[in-house]
Amino acid sequence: MKSVFNKAFNESQVEIKSFIKNFDSDGEVFGNQKRNTIKLFNLNETLLNIKSFKVPNFINQIVYRFFRKSKAQRSFEYATKLIELGIGTPQPVAYFENKTFFLFKKSYYVSEHLDCDLTYRELIHDFNYPDHENILRAFTRFTFKLHENKINFLDHSPGNTLIKKTETGYQFFLVDLNRMKFGSMSLDKRMKNFARLTKFESMVRVMSDEYSKVSGENYSKVFETMWYYTLNFRKKHEGKQKLKNNLFFWRDRD
C-alpha cells in the first residue's frame, strides 16, 4: 500500500500504518457513515481522524489508477495548500492508497481531529442560535478570504465548515476537501459558491450585505446573483429528490 506522510509525523509512521491495517476492527466510529467511513484513533496525545473512502465503481477504479489523483491524495494536498495560504483546516497527517496492477481500490486520508463548537448547519436549523448574525457575517468574510486566495471550494455546504468560538470572534476550518479548484473567480463564480448553503432568503440577504461590504461590490447585484444561484440549486436538488422518491415508490410496489 502506498503511503505519503506529513514530515511532522515521520516518527509516528509505524503506529499510523497499524491504524490503517486494523481500520475495520479498531478505532471509534465518528460522524455520518453513508458514503465513507470515518474513525478516530489515539496517537499519544493527538487524536487522529481517518477517513476511509469506499472502493470506486469499476470505471473509476481505472480512472483513479491511471488518470486522476485519488480523493485521499487530493485531500492531503489541498489541506497542505490551504494551510500555506493561511486558511483553516485540520492538520494533514498522511494518505494511503491500495492499488492493483490495473485497478484502484481503497484509500485513506489521515488528519488531526478538530473539535468544533458548531458548523454552518446549526445556523440553518436555529435562527435563535446565540450571536447568529455575527457568526453568519464572519463566515461570509471567511468565504471572501477563500475567494481572494483563488480557492473555489466546490463542496461549500452546511456541514463542511467547522466553527470554533474564540475570545476575539470565530475561527473557520474547512473539511471534506477533495473537490476544489484554484484560480481567479469572477463575481458570478463567487456567488454560485454560496448556492448550497441555505434556502432561506433572510440568510442570503445577510451574507450578501456582508460580502458587498468587504468586496466593494454593489449590494443589489450581489444579492440578486447569490439568490439566483441559491434558487437554481434548490430547484435542481428538489427535482433530484422527487425523482429518487418516485424510484423508491415504484421499487417498493414490486
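Thr198 lies in the loop that links α6 (187–192) to α7 (201–215). Helices (H or I, at least four residues) and strands (E, at least two) are DSSP runs, numbered from the N terminus. The model is predicted: local features need pLDDT of at least 70, side-chain atom pairs count only at pLDDT 80 or more, and totals for chains, interfaces and linings use all residues. Residues are numbered from 1 along each chain as its sequence is written, and side-chain values use heavy atoms, with hydrogens and water left out.

Thr198 is buried, at 1% relative accessibility. Buried denotes under 20% relative accessible area, exposed over 50%, and partly exposed in between (1.4 Å probe, protein chains only). The Thr198 side chain reaches the backbone nitrogen of Phe200 at 3.0 Å. Beyond residues up to four places away in sequence, Thr198 touches Tyr120, Ile124, Met203, Val204, Met207, Thr230 and Arg234. Contact denotes heavy atoms within 4.5 Å.

Helix α3 covers residues 71–84. The expected span is 1.5 Å times one less than the number of residues. Buried residues of α3 include Phe76, Tyr78, Ala79 and Leu82. Gly86 follows α3, with a positive phi near 80°.

Met180 belongs to strand β11 (residues 180–182). Met180 is buried, with a relative accessible area of 7%. Setting aside neighbours within four places in sequence, Met180 contacts Tyr78, Leu82, Ile151, Asn152, Phe153, Leu154 and Leu174. Met180 and Ser215 are 35 residues apart in sequence and 22 Å apart in space, C-alpha to C-alpha.

How values were computed
A polar contact is a pair of N or O atoms within 3.5 Å; within protein, one must be able to donate a hydrogen and the other to accept it, and residues adjacent in sequence count only if both atoms are side-chain atoms.
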